[in-house]
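I opened the notebook today to look up how the strands pair and where the nonpolar residues gather. The entries below keep to that order.

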Amino acid sequence: MTTSSGTAAPATEPRVCVRYFDGRTSQPYAAELIPDATTLIVQLESGERRHFDWSSLTVLNGVGSVAAVLELPEEQRIELPNPEIPAWIQKATGKHWLDKVRHWEGSLRWIALSVVVISALVASFVLLVVPAAANWIAWALPESTLKETGDQVLQQLDSHLLSPSTLIQDRQQALERRYRQQLAPGVSYRLVFRNSPEIGANAIALPNQTIVVTDQLVDLADNDQEIMAVLAHETGHLAFRHSLRQAITGGITSIAMAMITGDIIDLGNALVGVVVSQKYSRDFEREADDYAFRLMTDQHIPHHYFSDILRKLANSEEDSKEDGNDTVRLSDFLQSHPPTAERIARFANAQS
Ligand SMILES: [Zn+2]
């Protein structure tokens, strides 16, 4: 408790009534701060004066209705009567910026800016961190989990939306053979066929390396290459584990819990939501289209088959709407993003 600092004594400043805690008991003492540039002088009611070196102080800024505090050695402290730090204390401690900080904290403009910054952080978490984490989790899951969840999703679809295919076995086998040879050589992707007036001409990629193909899609196509074009796109979703990543992105907390507890029911439910709504992100759709484009190039499948079937799906969609059918489900292949016209043009104009 010695002296320091060489600024002029602020003799004209008013005394400040404070509560002083001596660090030994929780009992506050009424006291006054005597303005002085050399030391902090605390005068108790008894008239006793205590001197503290300015450099031994820690100044805690007040916010809102919380008063400012001066922390002193040996657990001693002083509570000021309000959030503002008197100018002469700021000057003596070199904490001129405190007032500005207090002003910022109370300023609506700064609060608004904080909201914007926090929103940006949350948005970047949702848009960047969560998808990256979802991607990591999707590739960390063991094959057995993928199979189990995919089987579970197919079971749920079978009990609600799908019925056994009416295609003859030979037709189903011929399509699967062609698919394996052209689009999935050396991998264990498989096709299953189902009838479903409800979801119409459709193909759905499940996490268990399976693509559900509806009879309605087979009927709509004029040739097998058009079916292969749709399957090339769905194979892209399989290759990148899109359904799983989308489901995990949508429910990352419950999925994380599922991984920890080994309970995959939540994962299954999230996946049913993804495959039934068939709402992949724009990036995933573009990635599946890029994959299909490359696959068709590699396998010498003319790209116009892709745009041909896309046009037919778009037309059948329009016809259903004109018939007043509100229950039509948009095929994954016919997602509106990227725009259908843009996708048709890309594949129709390809040199193949
Ligand atoms: Zn898709």
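**Ground rules.** I am working from a predicted model, in which local features need pLDDT of at least 70 and side-chain atom pairs count only at pLDDT 80 or more, while totals for chains, interfaces and linings use all residues. Residues are numbered from 1 along each chain as its sequence is written.

**Overall make-up.** I noted 13 helices and eleven strands in the protein, taking helices (H or I, at least four residues) and strands (E, at least two) as DSSP runs numbered from the N terminus. Of the 352 residues, 32% count as buried, where buried requires 20 or more other C-beta atoms within 10 Å of the residue's own, with C-beta atoms placed from the backbone. I also looked up contacts (C-beta atoms, placed from the backbone, within 7 Å): among those with a separation of 6 or more, 60% join residues 24 or more positions apart.

**The sheet.** Which order do the strands of the open sheet follow? I read it as E4-E3-E2-E1-E7-E6-E5, seven strands with antiparallel pairing, where two strands pair if DSSP finds at least two bridges between them. E4 and strand E5 (58–60) are the edge strands, each pairing on one side only. The twist averages 30° from one strand to the next, with axes being lines fitted to C-alpha atoms and angles running from 0 to 180 degrees between N-to-C directions.

I then followed E3 (residues 39–44) on both of its sides. With E4 (residues 49–53) E3 pairs over five bridges, and Leu40 stands opposite Phe52 in E4. Four residues lie between the strands of this hairpin, where Gly47 takes a positive phi near 100°. With E2 (residues 28–34) E3 pairs in the antiparallel sense over four bridges, and there Glu32 has Gln43 as its bridge partner.

**The cores.** A nonpolar core here is a set of buried Ala, Val, Leu, Ile, Met, Phe, Trp, Tyr and Cys residues joined through C-beta atoms within 7 Å. The largest has 45 residues, and Ala203, Ile211, Leu217, Ala229 and Leu231 have the most contacts inside it. Elements that each supply at least two of its residues include helix H4 (143–160), strand E9 (190–195) and helix H7 (224–239); the largest share, seven residues, comes from H7. Leaving aside neighbours within four places in sequence, I found Ala229 in contact with Ala292, Met296, Tyr305, Phe306 and Ile309. A second, separate core of 15 residues includes Leu33, Leu40, Trp88 and Ile89.

Note on methods
Buried ≥ 20, exposed ≤ 12 C-beta atoms within 10 Å, placed from the backbone. Contact = placed C-beta atoms within 7 Å.
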